[in-house]
Amino acid sequence: MENKLSVKVCTGTLCYVMGGAELQLLESYLPAEIAARVDIKGAPCLDCCNRTDAGKAPFVQVGDRIVAEASLFKVAEVIKEMLKAEGKWAE
Amino acid sequence: MGGITNNAMIIRRELMTRIARLLMQGKLEEQVDRIPLELRPKGSTDISRCCIYKDRAVLKYKIMAMLGFHIQDEEDELTPLAEYVRQAFRRTEVSDEPLTVVDAACSACVKANYVITNMCRGCVARPCLVNCPKNAIRFEGGQAKIDSSKCVNCGMCQKNCPFHAVVYVPVPCEESCPVGAISKDEKGIEHIDYDKCIYCGKCLVACPFGAVMEKSHMMEIFRAFREKRQVVALVAPAIAGQFRTPLENIVGAILQLGFHDVVEVARGADVTTANEAAEFEEKMKAGQPFMTTSCCPSYTASVRKHIPELEPFVSHTRTPMYYTAEMTRKKYPDAVLVFIGPCLAKRFETFQDPNTDYMLSFEEIGAMFVAAGIDVAQSKPADVGAGIDPSGRGYPVAGGVAGAVGKKLAGRVDYRSVAFDGIDKARIRELKGLVRSCSGNMVEVMACEGGCVNGCDVIANYKVASRQIGELVKK
Ligand code: FES
């Protein structure tokens, strides 16, 4: 578990209403070999929606990075990038 | 249907949230005209159309729909939104036509579905021209052109072009409509024919410009709050799948918005189940070959307007909303009853229902939570559902109604259910065929694929929502 990249999908109401609900499908959207390397969890409000500098909802936290206006595609790209940077996955 | 994230949907939700926030602050009249400017400020690069001014105009009309107006009712283009706010607060009736088309946003789609591309070589054979039954093809600059005023979309040009130069360009709203109720006028603007419309909401979801809008009842509801009336929410069972929280929190959050009480429509579903089961037994004894459900108002509208031959087979049992509203009205004779539900069809049903006053969609209630800064998961859990059969909570998922009735019948009679979820053009034909041959004796029909959890106004993806509701039913 420890080596897995943590992915926190915000399930706070603001994110959920502004398109975050779709991100619940992230696990099945990711290719199996990537899904195996991440630990996806729903998270309560990440508190990004109260900040003016965080961009627009919905938010997802991949490792220590906040993805704003998150879509399935965008989150998958960030995950791949971070796995690559950590040398845990190569295309 | 509703669950696919796209920008037209996000813009709509942003607008709803802003309107709700200003209503809560009592500043809507004062600030409503600023909303389009705030969303598309000077120098904004975030433009969806030709220019910032057109974007702002479209936003203005979308707001007009959210204030409950028909866009075509506009008499003077200079009328500020503030004036519509004043009028909306004075309004005493909601109209029975639940949709309006934002003409400034519409009209971007082609008139004729067939378009000749640059691949046209202007060949000698010209089979497109020769085979066109309407003489709609002419040649200009060595390439074929289609005269949209003559074209009848038969597709002969496409079939015959040796270069595959003809493409089919759909008009998404028209293509999605199962019953041909939406079509263009001479100016290229879509109009809805309410003699045909079945309130399925498919056009609303399909339009990539977000031009088809529901006329909201938000103004009426806030007015009731303002006048300190008792406002009671009737929540459709599909709501249990809309947020990543237990139902108790959702009910708590609705109370936090200022509703006096929240009644689960699953309660009425229990009555529907009992009546439907009794009616089924009776009809089978009388020798009727099959019976269909009646709780999806879009399906019953389809039968009434397009499949009259099926009418004798539709159950006379009323919907869960009807029974719930009836009970709630007895308890609260003077309250304002607001149904909170997943779709346009239910909005239409609230017009007809003798006890329900208004409707809020899941999208709208979600926007109200956001506007009030309520995080549903953090709200104080409320008591729910003592004495509700879990099967009543399963109604919004395809198969749920037939399942509940089957459970009630408990093997007393021969019961073979078939479920149709998702009404489209082909499905309408299939339903027509039922009268001749039906493979079961109980037919459940829902207009949306997957059931009410996939209505046009839902927040959650229907697979996620179905899973959540499934867990609740098991309890
Ligand atoms: S709701 Fe997602 S960050 Fe607050």
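Q: Is helix α18 (residues 400-409) of chain B buried or exposed?
A: Seven of its ten residues are buried, so helix α18 of chain B is largely enclosed by the rest of the structure. Buried means under 20% relative accessible area, exposed over 50%, partly exposed in between (1.4 Å probe, protein chains only). Helices (H or I, at least four residues) and strands (E, at least two) are DSSP runs, numbered from the N terminus.

Q: Before we go on, what are the ground rules?
A: This is a predicted model: local features need pLDDT of at least 70, side-chain atom pairs count only at pLDDT 80 or more, and totals for chains, interfaces and linings use all residues. Residues are numbered from 1 along each chain as its sequence is written, chains are lettered from A and ligands numbered from 1 in the order in which they are written, and side-chain values use heavy atoms, with hydrogens and water left out.

Q: OK, which residues of α18(B) are buried?
A: G400(B), V401(B), A402(B), A404(B), V405(B), G406(B) and L409(B).

Q: And what covers them?
A: The cover includes α12 (266-285), α17 (390-393), β14 (417-421) and β15 (442-446) of chain B. Just after α18(B), A410(B) has a positive phi of about 45°.

Q: Strands now. Why is β9(B) largely enclosed?
A: Strand β9 (residues 231-235) of chain B has five of five residues buried, so the rest of the structure largely encloses it. V231(B), A233(B) and V235(B) point one way, V232(B) and L234(B) the other way.

Q: Which strands does β9(B) pair with?
A: One is β12 (residues 336-341) of chain B, parallel, over five bridges. There, V235(B) has I340(B) as its bridge partner. Another is β10 (residues 261-264) of chain B, also parallel, with four bridges. Pairing takes at least two DSSP bridges between two strands.

Q: What about C456(B), then?
A: C456(B) is in no disulfide, and the nearest cysteine sulfur, that of C343(B), is 5.8 Å away. C456(B) is buried, at 2% relative accessible area. C45(A) is partly exposed, at 31% relative accessibility.

Q: Where does H217(B) sit?
A: In the loop between β8 (212-214) and α10 (218-226) of chain B. H217(B) is buried, with a relative accessible area of 2%.

Q: What does H217(B) contact?
A: Leaving aside neighbours within four places in sequence, V94(B), R347(B), T350(B), F351(B), Y358(B), M359(B) and E364(B). Contact means heavy atoms within 4.5 Å.

Q: What lines the largest pocket?
A: There are 39 lining residues, with N6(B), N7(B), A8(B), I10(B) and I11(B) nearest the centre. α1(B) gives the most, seven residues.

Q: And the second largest pocket, how much space?
A: About 460 Å³. Of its 19 lining residues, S294(B), T300(B), R304(B), R318(B) and T319(B) are the closest to its centre. α13(B) gives the most to this lining, with five residues.

Technical notes: On a 1 Å grid over the protein atoms alone, a cavity is a set of points where a 1.4 Å probe fits but cannot get out, and a pocket is an open set with protein on both sides within 12 Å along at least five of seven lines; lining residues have an atom within 4 Å of a point. Grid points are joined across faces, edges and corners, and a volume is the space filled by probe spheres set on the points. A disulfide is a pair of cysteine sulfur atoms within 2.5 Å.
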